[in-house]
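Let's take a friendly walk through the contacts that one chain makes with two of its partners. Have the model open as you read.

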Number of protein chains: 4
Amino acid sequence: MPLTRDQLADIEAARASPRPTLRAVSPGMEARLYEPVPVLDHGFVRVVDYMGDDAAIVQAARVSYGAGTKKARDDSGLIRYLMRHRHSTPFEMCEIKLHVKLPLFVARQWIRHRTANVNEYSARYSILDREFYVPAPEHLAAQSAVNNQGRGAALEGAEAARVLQTLKADAARAYDHYEAMLGQDGQQGLARELARMNLPANIYTQWYWKVDLHNLFHFLALRADAHAQYEIRVYAEAIRGMVRDWVPAAHAAFEDYRMGGTNLSAKGVEALKRRLAGEAVTRETSGMSPGEWREFEEVFGDAH
Amino acid sequence: MPLTRDQLADIEAARASPRPTLRAVSPGMEARLYEPVPVLDHGFVRVVDYMGDDAAIVQAARVSYGAGTKKARDDSGLIRYLMRHRHSTPFEMCEIKLHVKLPLFVARQWIRHRTANVNEYSARYSILDREFYVPAPEHLAAQSAVNNQGRGAALEGAEAARVLQTLKADAARAYDHYEAMLGQDGQQGLARELARMNLPANIYTQWYWKVDLHNLFHFLALRADAHAQYEIRVYAEAIRGMVRDWVPAAHAAFEDYRMGGTNLSAKGVEALKRRLAGEAVTRETSGMSPGEWREFEEVFGDAH
Amino acid sequence: MPLTRDQLADIEAARASPRPTLRAVSPGMEARLYEPVPVLDHGFVRVVDYMGDDAAIVQAARVSYGAGTKKARDDSGLIRYLMRHRHSTPFEMCEIKLHVKLPLFVARQWIRHRTANVNEYSARYSILDREFYVPAPEHLAAQSAVNNQGRGAALEGAEAARVLQTLKADAARAYDHYEAMLGQDGQQGLARELARMNLPANIYTQWYWKVDLHNLFHFLALRADAHAQYEIRVYAEAIRGMVRDWVPAAHAAFEDYRMGGTNLSAKGVEALKRRLAGEAVTRETSGMSPGEWREFEEVFGDAH
Amino acid sequence: MPLTRDQLADIEAARASPRPTLRAVSPGMEARLYEPVPVLDHGFVRVVDYMGDDAAIVQAARVSYGAGTKKARDDSGLIRYLMRHRHSTPFEMCEIKLHVKLPLFVARQWIRHRTANVNEYSARYSILDREFYVPAPEHLAAQSAVNNQGRGAALEGAEAARVLQTLKADAARAYDHYEAMLGQDGQQGLARELARMNLPANIYTQWYWKVDLHNLFHFLALRADAHAQYEIRVYAEAIRGMVRDWVPAAHAAFEDYRMGGTNLSAKGVEALKRRLAGEAVTRETSGMSPGEWREFEEVFGDAH
């Protein structure tokens with residue numbers, strides 16, 4: 001269970017006491033507030049606060065573009081227009097604050113998104129819990145043979161068992177030694193800021209992460225992508241569900257233009273125009289590299 | 001009147017319909033939501049949304065420092081500790097969104113604070129209103145004789161009248177010509193994005209400005225300072241009042257450690273220690289420059 | 001002439017004294033250092049410093065991806081791969097510092113790019129020069145009839161003459177009054193920080209602007225775009241020429257993937273696939289809005 | 001030895017071939033370029049590029065403040081003025097790029113400084129080396145009894161030996177298992193992005209880190225501080241030496257105003273003024289909390 005009994009009681013208490021506000025309220029988000037969405041074996045993500053809704057995006061855009069925009073199109077059409085033309089500032093007017101429990105090696109990828117606010121549990125100040133990520137058998141994947149930065153099929157049989165056994169045993173031993181080094185019974189006890197260095201990268205940490213909607217979309221576009229590592233992608237997928245309930249119109253535009261769309265190079269545009277004109281285009285005549293051509297064909301199929 | 005009748009009706013409507021929320025609520029901010037605080041002759045600043053309160057700062061700090069902090073000190077003491085030790089991340093967990101109407105030359109200073117989100121009224125897209133800042137007589141100041149970047153006494157008599165007359169007449173003429181160039185009666189009409197170049201820097205613009213509390217404190221420390229230009233300082237002062245009602249404990253710590261405090265150099269610390277030990281310290285024996293010594297004496301008085 | 005005699009002498013002196021360095025050197029940039037590229041009627045942009053070259057991008061990427069990348073592809077192929085997959089961090093390893101003289105209303109658009117460092121000439125501290133942007137006749141454009149945020153054809157005949165006359169006369173008068181208000185002959189003299197408010201938005205200002213290559217590409221993608229206002233686009237075009245000489249491989253990848261490429265929505269991908277399969281797709285069956293369809297046809301032509 | 005033979009040969013080659021440049025050159029930095037400064041047991045930090053020098057800071061300030069500043073004070077006085085008044089933008093005009101090899105738990109603290117550019121060695125893409133940080137005996141410290149986030153005295157005798165033995169054995173075993181899981185002899189071989197999760201936080205990683213001088217000073221103020229964890233402080237100290245050779249005047253101002261200076265609260269100012277006036281001030285009459293008073297007395301001594 002990712003949350004302690006105390007934490008669950010806190011959540012229940014927090015959800016039991018609605019208070020009046022004059023601010024914009026997103027019903028979809030209110031229904032989710034504080035409730036953890038389980039991710040991986042011990043992790044979770046939950047919304048602890050938010051600011052704004054679809055209407056706040058529209059309102060900010062109308063400040064920029066003036067009253068003239070009012071008749072031009074309805075809210076959802078305006079949001080699609082903003083997304084299509086990369087007018088990102090109105091999306092920055094919405095903000096979300098998440099509480100996330102996640103393995104340390106996932107946290108290391110996540111933190112590379114710099115335009116966000118973070119408060120992480122401090123292992124200098126406090127003692128980490130004995131919780132480690134161990135992949136489910138179906139996610140215990142072999143190294144990809146074609147992509148240095150990817151996975152192949154799941155490990156099989158004895159090898160899978162061996163790996164799981166290693167991960168569990170090493171984590172348990174490391175944590176036993178962490179506790180032993182910290183202990184002050186009959187010894188001085190190693191400083192926390194030093195003892196933590198013995199812990200492996202699959203230990204769980206947690207943080208508050210606050211980000212605006214534009215930067216969150218950027219995070220989701222990269223981390224919910226099929227090329228992202230599975231262990232961060234599941235967090236991105238969980239957050240994507242929250243965003244859908246929070247700002248349905250902005251989420252729909254994001255799905256259409258970012259997640260479901262694609263970028264074409266000048267060479268790609270040219271190749272498509274030639275194919276539309278009935279010409280057979282090969283990799284060689286397209287001017288693309290083999291990798292680029294492969295990605296192009298993944299989207300548009302081959303010419304035959 | 002800085003707001004139109006329609007805008008006032010919108011505000012009344014927005015304030016008439018509280019809705020339930022499970023989020024943190026700041027009563028001091030709810031009382032202020034949407035209400036414009038007048039600034040200068042036609043400007044205003046008003047809160048249109050906020051996230052978090054004093055408890056949110058404490059909550060974020062406790063995520064970082066763990067349960068051990070719970071007993072150590074009460075919330076207000078913890079907030080003071082965070083402010084004193086420049087642990088800025090918990091303050092970043094609060095966010096505020098302001099609607100500001102301000103002269104263009106003030107907007108130019110303001111925008112230099114980069115860690116914020118902005119949607120400004122677009123003079124490419126829409127037509128600016130005929131509203132210009134003209135200083136009140138007591139703020140029509142002469143150039144400072146000692147500080148290149150400062151003001152002296154208010155202008156007097158005929159000179160003051162001449163300047164006011166010039167500012168008003170030039171603004172009125174510039175706006176008449178702006179309208180004449182835009183007009184499409186019997187002519188093509190100049191593009192808005194070009195016509196605006198004729199307007200002086202005291203014309204009013206407006207924007208939505210969203211910022212976290214840590215960066216807002218940095219803004220206030222610089223712009224509510226006595227050395228800031230009066231015309232931006234009045235906005236900073238208005239916002240300072242909002243912050244006091246929003247997060248009283250954080251505001252009190254900010255006032256004590258930033259606005260009311262001072263930075264000492266190594267030379268300044270040394271000079272104070274020598275004076276505390278009974279020694280008379282002069283500028284020459286302090287090693288400070290004349291400017292530095294003057295600022296030092298402004299805070300601590302001279303040695304005699 | 002945009003530069004004073006003194007400034008030209010400084011440039012000549014700076015260019016006369018090469019010094020040895022062990023850092024990466026870009027020959028194309030050395031040839032350009034300090035030399036102003038004229039833009040608009042009194043503006044310019046010039047490189048005053050730079051860090052890194054194409055090899056620095058590759059070197060940073062190889063730190064990330066390890067030795068394995070060495071054989072995989074040559075430098076230019078790796079740079080194309082990074083650009084295609086939006087691996088932006090290696091491009092952030094190059095930095096450029098520009099000195100720009102530009103009209104104030106252009107500076108206001110430019111500054112919205114927040115991830116950059118800026119030192120602007122201070123009109124609080126110093127007195128601005130008597131230099132104003134007045135469009136060349138062919139750029140004195142009418143408001144667009146179809147796009148609120150765009151231009152139509154150039155103004156003609158009497159109207160053009162009238163507008164030019166207005167812009168020149170208003171600027172001259174505003175500057176005369178600026179000087180008169182500042183003057184201290186027989187009067188106190190208005191503070192500089194106040195007098196500047198009388199100056200129109202076509203007055204020239206100047207700044208040092210420092211940015212990394214990734215953020216510069218983002219700036220160029222938005223500001224060298226056909227939809228950008230002409231007066232900022234000419235600066236972007238001038239900088240684009242510098243980037244081509246500085247980092248030729250990165251520039252070529254940028255031109256192919258960003259400037260010459262396009263983004264497709266999920267609906268756009270679907271429409272193309274159906275057309276490639278021989279189906280006639282109309283706006284109605286595509287699910288796109290009229291605006292989106294128009295932009296789609298601009299790139300791929302209509303179905304017939 | 002922190003660097004491989006190949007890397008040393010690369011450094012020698014890079015240092016053997018000075019090339020002419022027209023850019024600002026810092027002799028102190030040229031002498032250091034590429035040379036690693038050893039830190040901890042296997043780490044290092046070295047400069048791989050830089051932009052600007054003391055004169056570049058002055059030049060940027062003079063763009064802002066105009067020609068009037070030229071006579072006012074010499075370069076070093078102007079730099080001190082900028083530092084004292086927190087005019088940070090001229091310092092942002094200098095940039096440095098470092099190559100750092102550091103334990104993963106140090107990297108996790110370091111990365112919290114967001115305004116910087118980073119390319120880190122990817123353990124998804126490549127295999128990490130068998131190098132772990134093990135503290136020297138004098139740095140194997142006990143948990144502080146008074147500060148949750150600090151260290152006490154070094155561990156003694158048997159306990160120290162036990163801890164060292166644990167750290168070494170666990171790291172060695174974890175790395176053996178990492179290799180075993182990756183191996184493809186007679187098995188599929190676990191994906192690199194998964195296998196890395198077994199490695200402890202004292203394994204070494206490396207990155208390119210690029211930052212402007214203002215943000216570097218902020219990093220140094222926090223991380224070269226006595227309260228910073230020893231393992232990051234030694235990196236900060238090494239960088240501080242580089243900055244001294246790079247921009248001597250800016251470094252001197254930083255040392256005087258930041259590292260050697262102190263911040264006083266309003267209560268602190270008041271207490272000092274009363275003591276200067278001959279009054280005995282106690283913690284109770286100062287209004288300070290016990291922690292605040294202790295820090296105050298650490299700087300200014302007690303009243304007696």
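Which residue stands opposite Leu264(D) in β9(D)? Thr262(B) does. This is a predicted model, in which local features need pLDDT of at least 70, side-chain atom pairs count only at pLDDT 80 or more, and totals for chains, interfaces and linings use all residues. Residues are numbered from 1 along each chain as its sequence is written, chains are lettered from A and ligands numbered from 1 in the order in which they are written, and side-chain values use heavy atoms, leaving out hydrogens and water.

**Chain D with chain B**

Strand β9 (residues 262-264) of chain B pairs with β9(D) in the antiparallel sense over three bridges. Here strands (E, at least two residues) and helices (H or I, at least four) are DSSP runs numbered from the N terminus, and pairing takes at least two DSSP bridges between two strands.

The elements that give two or more residues to this side of chain D are α5 (75-84), α11 (248-259), β9 (262-264), α12 (266-276) and α14 (290-300). Of these, α12(D) gives the most, with seven residues. By class, this side divides into nine nonpolar, 10 polar and 12 charged residues; Ala, Val, Leu, Ile, Met, Phe, Trp, Tyr, Cys and Pro count as nonpolar, Asp, Glu, Lys and Arg as charged, and the others, Gly among them, as polar.

One of the salt bridges (Lys or Arg side-chain nitrogen within 4 Å of an Asp or Glu carboxyl oxygen) joins Glu292(B) to Arg84(D), with the closest N and O atoms 3.8 Å apart.

**The two interfaces in numbers**

Contact means heavy atoms within 4.5 Å. Buried area is the accessible area (1.4 Å probe) that two parts lose on being put together, summed over both.

| Chains | Residues in contact | Buried area | Salt bridges |
|---|---|---|---|
| D and B | 31 (D), 31 (B) | about 2,800 Å² | 10 salt bridges |

**Chain D with chain A**

Arg151(A) and Glu193(D) meet through their side chains in a salt bridge (2.4 Å, N to O).
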